[in-house]
Amino acid sequence: MYLLTKSRGLRLAAHESLAAIFALFVAETFYRFHSFTLECLAFLATWYGVSSALNKARKFENQTDVPRHVRFLRPNEQAERAEGCPSEIGGIRRG
């Protein structure tokens, strides 16, 4: 644990804080196993699940509909393309 926090620092703490707080709330409210070990394991499993769900939601939020290799044309490039060049048909330069 020490090496993990030392290598990632505050980024890890900031990334996991929301999931940890929510998992702690769930564990304190609902888990009554009368065994510290079972409650601790259930808390860690809950934290893992919530963290996984939040991570997937963040990745989904950052996705765009436009693939990364698509490049938008500037207005002057659009005008040049609209005029068309007979030597460039279908993206193949001829002559």
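Helices (H or I, at least four residues) and strands (E, at least two) are DSSP runs, numbered from the N terminus. By that rule, Leu 44 lies in helix α3.

## Basis

This is a predicted model, in which local features need pLDDT of at least 70, side-chain atom pairs count only at pLDDT 80 or more, and totals for chains, interfaces and linings use all residues. Residues are numbered from 1 along each chain as its sequence is written, and side-chain values use heavy atoms, with hydrogens and water left out.

## Overall fold

The chain holds 4 helices and 2 strands. Their order along the sequence is α-α-α-α-β-β.

Of the 95 residues, 14% are buried. Buried means under 20% relative accessible area, exposed over 50%, and partly exposed in between (1.4 Å probe, protein chains only). The chain has about 8,800 Å² of accessible surface, and carbon and sulfur atoms account for 62% of that surface. Areas come from the Shrake-Rupley method with a 1.4 Å probe; for residues, only the protein chains shown count as cover. Contact means heavy atoms within 4.5 Å. Among contacts between residues at least 6 apart in sequence, 39% join residues at least 24 apart.

## Helix α3

Helix α3 has 27 residues. From first C-alpha to last it reaches 39 Å, close to the 39 Å expected. The expected span is 1.5 Å times one less than the number of residues.

Ala 42, Phe 43, Thr 46, Val 50 and Ser 51 are buried in α3. The buried residues of this helix pack against α2 (10-30). Ser 51 has a relative accessible area of 15%, so it counts as buried. Leaving aside residues up to four places away in sequence, Ser 51 touches Glu 16 and Ala 19.

## Nonpolar core

The largest nonpolar core has 6 residues: Ala 23, Val 26, Ala 27, Tyr 31, Ala 42 and Phe 43. Both α2 and α3 give two or more residues to this core. The most come from α2, with 3 residues. Such a core is a set of buried Ala, Val, Leu, Ile, Met, Phe, Trp, Tyr and Cys residues joined through side-chain atoms within 4.5 Å.

Val 26 touches Tyr 31 and Thr 46, not counting residues up to four places away in sequence.

## Surface patch

Phe 33, Leu 38, Leu 41 and Leu 44 form a nonpolar surface patch, with about 380 Å² of accessible area together. Patch residues have over 30% relative accessible area and no salt bridge; like charges are joined within 9 Å, nonpolar side chains (Val, Leu, Ile, Met, Phe, Trp, Tyr) within 5 Å. A salt bridge is a side-chain nitrogen of Lys or Arg within 4 Å of a carboxyl oxygen of Asp or Glu. Leu 44 counts as partly exposed because its relative accessibility is 42%.
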